Amino acid sequence: MAVFLSGSEEETYRWAKDYAKTLAQGDTVLLHGEMGAGKTHIAKGIAKGLGISCEVTSPTYAYINDYEGRLFHFDCYRVESEEQAFSLGFADYFDLGKICLVEWSEHIARLLPDDCKTVEIIKRGETAREIRF
């Protein structure tokens, strides 16, 4: 596991843009961190690093945001069960061969592919973050 220490939102964003270059089609990345840790901010950087030009927002109320058919961003915070996620078609996205980012993945653990990557974001101050990947 590698660690990146970020002192600012800008550094976190730049790290995420660079991290995107390590991803391949079909990768699923689990974004772990408490509320406000910067999971969506990292998703924005990853999207930019993949060349996605549209605005990235938190999919909290939509569950899944689709960015240009190349990146799927899940927010499972409000998912009540794996059965609900399955009935909403979550598992189908993992079979499309695109990059998936999943926040609050513990809510859908049994639906996830076996070979997920993990990014853990730990608050170390107002804007400082420890990013484990």
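Predicted model: local features only at pLDDT ≥ 70, side-chain atom pairs only at ≥ 80, totals over all residues.

Tutor: Residues are numbered from 1 along each chain as its sequence is written, and side-chain values use heavy atoms, with hydrogens and water left out.

Student: Is Thr12 buried or exposed?

Tutor: Thr12 belongs to helix α1, residues 9-20. Helices are DSSP runs of H or I with at least four residues, strands are runs of E with at least two, and both are numbered from the N terminus. Buried means under 20% relative accessible area, exposed over 50%, and partly exposed in between, with a 1.4 Å probe and protein chains only. At a relative accessible area of 5%, Thr12 is buried.

Student: Which residues does Thr12 touch, not counting residues up to four places away in sequence?

Tutor: Contact means heavy atoms within 4.5 Å. With residues up to four places away in sequence left out, Thr12 touches Ser6, His41, Ile42, Arg129 and Ile131.

Student: What covers the buried residues of α2?

Tutor: Helix α2 spans residues 39-49, and its buried residues are Lys39, Thr40, Ile42, Ala43, Gly45, Ile46 and Ala47. Their cover includes α1, β2 (28-32), β4 (71-75), β5 (99-103), β6 (117-123) and β7 (129-132).

Student: How many salt bridges does a search of the whole structure find?

Tutor: A salt bridge is a side-chain nitrogen of Lys or Arg within 4 Å of a carboxyl oxygen of Asp or Glu. Searching the whole structure gives a count of 7.

Student: How far apart are the closest N and O atoms of Arg110 and Glu82?

Tutor: Arg110 is exposed at 65% relative accessible area, while Glu82 is buried at 14%. The two form a salt bridge, and their closest N and O atoms are apart by 2.3 Å.

Student: Which parts does the pair of Arg110 and Glu82 tie together?

Tutor: Their salt bridge has its closest N and O atoms 2.3 Å apart. The pair ties together parts that are 28 residues apart in sequence, because Arg110 lies in the loop between β5 and β6 and Glu82 in helix α3 (residues 82-87).

Student: Which residues are linked with Glu82 in a network of salt bridges?

Tutor: Glu82 forms a salt bridge with Arg110. The network links Glu82 with Glu83 and Arg110.
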